[in-house]
Amino acid sequence: MTTRDGRRVVVITGASAGIGRATARRFAARGDAVALIARGADGLEGAAREVREAGGEALAIVADTADHDRIDAAAGRAEDELGPIDVWVNVAFASVFAPFTEITPEEFRRATEVTYLGFVNGTRAALRRMLPRDHGVIVQVGSALAYRGIPLQSAYCGAKHAIQGFNESLRCELLHDRSGVQVTMVQMPAVNTPQFDWVLSRLSGHPQPVPPIYQPEIPADAILYAAEHPRRREYWVGVSTAATLLANAVIPGLLDRYLAWTGYESQQTTDVTHRDPPNLWRPADDEPGTDEGAHGSFDHRAIAHSPQLWASQHHGLLAAASALTAVGALAWARGRKATGRARRWSFEERSGEGMPPVRAIEVARAAWGLALLMAPAQVLRVLGGRGNRGAKAVARLLGARQLGQAAWSGLRPSREVLAGGAVTDLVHAGTVLALGAANGRWRRVALSDAGIALAWSLAGLRDSGRP
């Protein structure tokens, strides 16, 4: 569902600062209509102005995510003024930096209500509107701390762990119902946001994110990508997030001791002295002149680029490239070994003609398989078909099959393997031709793919019959 002029309608909680504000700019740059929800009026006004400057339509709504009725009313207002909600992004949170024994029950409850129940309330308001339409995406902004607790942030870590469990449970329910509404989670690293200037803290030094620290535009890019590719259950952002989650899965006890040793010092600094009033009970960016923007006090140390984020968004491409590299390396090694023994690759010992380690047809097959696996919608569009969900799933399966056959034929270029591959290609061609005949919409796609498979089949039969 989109607005009348073709734009998506996006709702972002915690939109007045930090990750939420940077994310609002990213959606606005795509021309989307963005409903901004937060408590701070001045921060919201600044965020709305940036959304309009970036090319989007802004609707600022003052609301506390801990209040379900206010959030549900905000969702209703967003639909009334902008249109049906396509994407809902839960970002808002509150925290306390202190040892657990120094956090009062009221403070702990408040941090939990805003951070955990705020996500629950936002998700409930979104589902109430998305489920009847069977359309929509909900992005939960998580953290490496959803898996790995650290000292001095017990309220925040507990809430993020709760969000993780809640999201997994909800995702299973939506899958069971075959719902068109999708949920995904983006696990964040330490980010340079204003929260470290206005968080309630009982530390002797200024609170800081555990280095390495990333600029909020990196998480914003990840959220935008997740909203457009929500079928993956979660995304990891930053090398530190990946390293933390992997280490916690393998050596959690050792990590406990490491964090006990380093966790206090790494979360406070004397390099920064700027502090605003705590925002646990009331917003720090409510009065005129208090807008902090998206960035916090660590611009001088924050990282503005993340190769890991690109890798996370293209892990299938990297895996395929790694597999092809491994195939090529093994084939090269086997060719070297055969040459050292004064032998040539051949189908039979008596054959006087050798065979190169990797045939050109297998390279072409691997490239075709990679295209089907990584860009099925674009391939289908070029061939004249529509890239709906079912068609893309079939294209990916065919791509995986092509990659597997290319790898096997490259590693074991025997008469039997090539003959078997030729028969497989022949069956493939006949199958897609039958599907094309059964459904006229896919006739052009079927003819194109069958033609490619038939050409490979003939080439394989020719090579397998080489004397």
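Predicted model: local features only at pLDDT ≥ 70, side-chain atom pairs only at ≥ 80, totals over all residues.

Residues are numbered from 1 along each chain as its sequence is written, and side-chain values use heavy atoms, with hydrogens and water left out.

The chain holds 16 helices and 13 strands; these are DSSP runs, with at least four residues of H or I for a helix and at least two of E for a strand, numbered from the N terminus. Of its 467 residues, 52% are buried, that is, under 20% relative accessible area with a 1.4 Å probe and protein chains only, whereas exposed means over 50% and partly exposed lies in between. Among contacts (heavy atoms within 4.5 Å) with a separation of 6 or more, 75% join residues 24 or more positions apart.

How many disulfides does the whole structure have? The search finds zero, a disulfide being a pair of cysteine sulfur atoms within 2.5 Å. Cysteine 157 is buried, at 6% relative accessible area, while cysteine 172 is exposed, at 51%.

Finally, isoleucine 251 sits in the loop between helix H8 (239-250) and helix H9 (252-266). Isoleucine 251 counts as partly exposed because its relative accessibility is 37%.

Thank you for your attention.
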